[in-house]
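Welcome, and thanks for taking a look at this one.

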Amino acid sequence: MSNLNGFRHIPNRFPPDEQAGLLGAVRAVVAAAPLYVPTLPRSGKEMSVRMTNCGALGWVTDTERGYRYQATHPVTGEPWPPIPPMLLDLWNEVSAYPHPPEACLVNFYSASAKMGQHQDRDETDFAAPVVSVSLGDDCLFRIGGTKRTDPTVSLRLGSGDVVVLGGESRLAYHGVDRIYPDTSMLLKNGGRINLTLRRVTKP
């Protein structure tokens, strides 16, 4: 467990029936805003996750313009679909923040996908936490401190788990080291979906 104040792991926050309902809502988001493969700034290297967004803003990255939030899908040019009510209810329950999230990242991890250690710092309001939901196969999540060189701890996240990065932990380095295939039956073809709620702008 992280020793930074404001980090919370809520196991099984969504029981199986609610996971199925949330997955249905995510599928509707993906139907309106298809998954695509983002590329890293400068290197142009493709990320190992496929992603999309919902909400007023979506987080995107590409070789030309780098990390940013924008109101439209970078491939279709269409506005992002709204954030599902189940996720807005979760935010109201766990965020301890008086304003709604503006973005929800939807990352799909195949069995071989990873996410390197990084900070979520493309937002202007760090008073709001980052709230993350896991669906599908388990993953090994790793979190450190606010410096890249700080020691890290790892924990296994299962389907329905929620993680909150608030307070001191809001700018903690964190990532996903591996996926554990075939640990969940939620996704017919396996893999993991991570939903990350964020407030982008100051109210």
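By class, how many nonpolar, polar and charged residues does the lining of the largest pocket have? The model is a predicted one, and in it this lining holds 15 nonpolar, 11 polar and 9 charged residues. In total, 35 residues line the largest pocket, and those nearest its centre are Met47, Met115, Gly116, Gln117 and His118. Two or more lining residues come from each of the strands S5 (103-109), S6 (115-118), S7 (130-136), S10 (162-165), S11 (174-180) and S12 (192-198).

| Pocket | Volume | Lining by class |
|---|---|---|
| Largest pocket | about 770 Å³ | 15 nonpolar, 11 polar and 9 charged residues |
| Second largest pocket | about 270 Å³ | 8 nonpolar, 3 polar and 3 charged residues |

Now for the second largest pocket. Its lining is made up of 14 residues, with Leu23, Arg27, Phe108, Leu187 and Ile193 the closest to its centre. Helix H1 (16-32) and strand S5 are the elements that give two or more residues to this lining. The largest share, 4 residues, is that of H1.

How does the span of H1 compare with what 1.5 Å a residue should give? Its 17 residues should span 24 Å, and the end C-alpha atoms of H1 are 25 Å apart, which agrees.

Which residues of H1 are buried? They are Gln19, Leu22, Leu23, Val26 and Val29. Because these residues cover an arc of only 115° around the axis, they sit on the same side of H1. Asp17, Arg27 and Ala31 are exposed, on the face of H1 turned away from the buried side. The cover over the buried residues of H1 includes strand S2 (50-54), helix H2 (85-94), S5, S7 and S12.

Finally, follow the chain into the loop between H1 and S2, where Thr39 lies. Is Thr39 buried or exposed? With a relative accessible area of 18%, Thr39 is buried, because the cut-off for buried is under 20%. Apart from its neighbours within four places in sequence, Thr39 is in contact with Gly44, Lys45, Glu46, Thr61, Asp62 and Thr63.

Definitions and conventions:
Residues numbered from 1 in each chain as written. Predicted model: local features only at pLDDT ≥ 70, side-chain atom pairs only at ≥ 80, totals over all residues. Heavy atoms only, no water. 1 Å grid on protein atoms, 1.4 Å probe; cavity = no way out; pocket = protein on both sides within 12 Å on 5 of 7 lines; lining within 4 Å. Points joined across faces, edges and corners; volume = space filled by probe spheres on them. Nonpolar A, V, L, I, M, F, W, Y, C, P; charged D, E, K, R; others polar. Expected span 1.5 Å × (residues − 1). Buried < 20%, exposed > 50% of the residue type's maximum accessible area, 1.4 Å probe, protein only. Arc of directions from axis to C-beta. Contact = heavy atoms within 4.5 Å.
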